[in-house]
Amino acid sequence: MAGVTRWTGREAGLLRKAMRKTGKAFAELVGVNPRQIPRWEGRGETLELSLANQAALDTVLARADPAVQQRFAALLTELAAAGHDERAEELLRRDTRTSRHPVDGKLMTVVDEGIYLSGPDNRSVWLEPYLIDVYPTTNADYARFVRATGHRPPRHWSAGRCPDDLVTHPVVWVTWHDATAYARWAGKTLPSAQQWEKAARGPRGRLYPWGNDPTAAKCNVAETGIDATTPVSRYQSGVSPYGAFDLCGNVWEWCSTEEQPGNGRYALKGSAFTSPFERATPSLHNAANATMQDNDTGFRCISPP
């Protein structure tokens, strides 16, 4: 499924509902016959739409008002299970590359050994194989860690409890030390900047996880206008060649690579909902002090295969 847009009749119906449009008005926006809309919604997730229709829906969503985008995200969240979108996970489970980690229960995908094109100058770099989390660490994931270890909760959790409406969103307000503590508890590590970049770009050095086209609608960046985190399984049209989500946009992700030995600043990758799309390129270099915490910074982990 890597790199394939996954709009189905179900998501189209949710977008129409979020926009509060009649079937006829919504059909005009998407550019289809009005008779298509009840057919899409009637078949739900069993009907994967054509690439042209998926591109049209991407465009409609990207141009929608922030209130519409928030309603759409909320409707997706209502359908999500405890941690992630069940249909997206089922699609991934059919791929033998994915497995469930025994400690934190997160879905992970294999990144094969071999050369990939690294950095803005596309240098050839060899990496050993590893597993990387399909999704960024969510608030629900982090809540399990907090309960198990007594680690301090993020500052945006009221009374130290994970907000019900953010369980499927990436955890934020975590320092590099917090992210490292979670990884240690789970028996994982943070990825190096190169491991993170290979998982995003694939072995052939795509500019973005989905390909070389600069399509802001495939990720949660400033141009999208949402101005908040979104559920980690939302952008199914933006997955990487290895099937990993949110490697552009939503939140910056901590890596294990120190900017300079001993300076206490560590690589950040991926950009965030606060970032302009031009910052979303996976080859981009960014770093911050290990004690930094913000509303647009989270992480994901890796482990041996």
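**Strands, helices and loops**

Colleague: Over how many bridges do E1 and E2 pair?
Modeller: E1 and E2 pair in the antiparallel sense, where strands (E, at least two residues) and helices (H or I, at least four residues) are DSSP runs numbered from the N terminus, and two strands pair if DSSP finds at least two bridges between them. This is a predicted model, in which local features need pLDDT of at least 70 and side-chain atom pairs count only at pLDDT 80 or more, while totals for chains, interfaces and linings use all residues. Residues are numbered from 1 along each chain as its sequence is written, and side-chain values use heavy atoms, with hydrogens and water left out. For E1 and E2, the number of bridges is three.

Colleague: Which residue in E5 is the bridge partner of Met108?
Modeller: Met108 belongs to E2, where it is the bridge partner of Ser99. E2 also pairs with E5 in the antiparallel sense, over four bridges. In E5, the bridge partner of Met108 is Asp133.

Colleague: Which strands are at the edges of the open sheet?
Modeller: The open sheet has four strands with antiparallel pairing, in the order E1-E2-E5-E10. At the E10 end, E5 (residues 130–133) and E10 pair over two bridges, with Leu131 opposite Ser303. An edge strand pairs on one side only, and here the edge strands are E1 (98–100) and E10 (302–303).

Colleague: What angle does the direction of H9 make with that of E5?
Modeller: Helix H9 (residues 193–201) packs on the sheet and touches E2 (107–111), E5 and E10. Contact means heavy atoms within 4.5 Å, and angles run from 0 to 180 degrees between N-to-C directions, with axes being lines fitted to C-alpha atoms, for helices over the stretch in contact. The direction of H9 makes with that of E5 an angle of about 75°.

Colleague: Is His101 buried or exposed?
Modeller: His101 is found in the loop between E1 and E2. Leaving aside its neighbours within four places in sequence, His101 is in contact with Lys106, Met108, Ala186, Gly187, Lys188 and Ser303. Buried means under 20% relative accessible area, exposed over 50% and partly exposed in between (1.4 Å probe, protein chains only), so with a relative accessible area of 11%, His101 is buried.

Colleague: How do H1 and H3 lie relative to each other?
Modeller: The axes of H1 (residues 9–19) and H3 (residues 36–43) come within 7 Å and cross at roughly 120°. Gly9, Ala12, Gly13 and Arg16 in H1 meet Ile37, Trp40 and Glu41 in H3. Angles under 35 degrees count as roughly parallel, over 145 as roughly antiparallel, 65 to 115 as roughly perpendicular and the rest as oblique. H1 and H3 are therefore oblique.

Colleague: Which residue in E7 is the bridge partner of Trp254?
Modeller: E6 (residues 252–258) runs parallel to E9 (residues 297–298), to which two bridges join it, and Trp252 stands opposite Thr297. With E7 (residues 265–269), E6 pairs in the antiparallel sense over three bridges. In E7, the bridge partner of Trp254 is Leu268.

Colleague: Which residue takes a positive phi in the hairpin of E6 and E7?
Modeller: This hairpin has six residues between the strands. The positive phi there is near 85°, and the residue that takes it is Gly262.

Colleague: Is Ala159 buried or exposed?
Modeller: Most residues other than glycine have a negative phi. Ala159, however, has a positive phi of about 55° although it is not a glycine, and Ala159 is found in the loop between H7 (139–149) and H8 (176–186). At 74% relative accessibility, Ala159 counts as exposed.

Colleague: What is the relative accessible area of Ser271?
Modeller: Ser271 lies in the loop between E7 and E8 (287–289). Its phi is near 70°, a positive value in a residue other than glycine. Ser271 is buried, and its relative accessible area is 0%.
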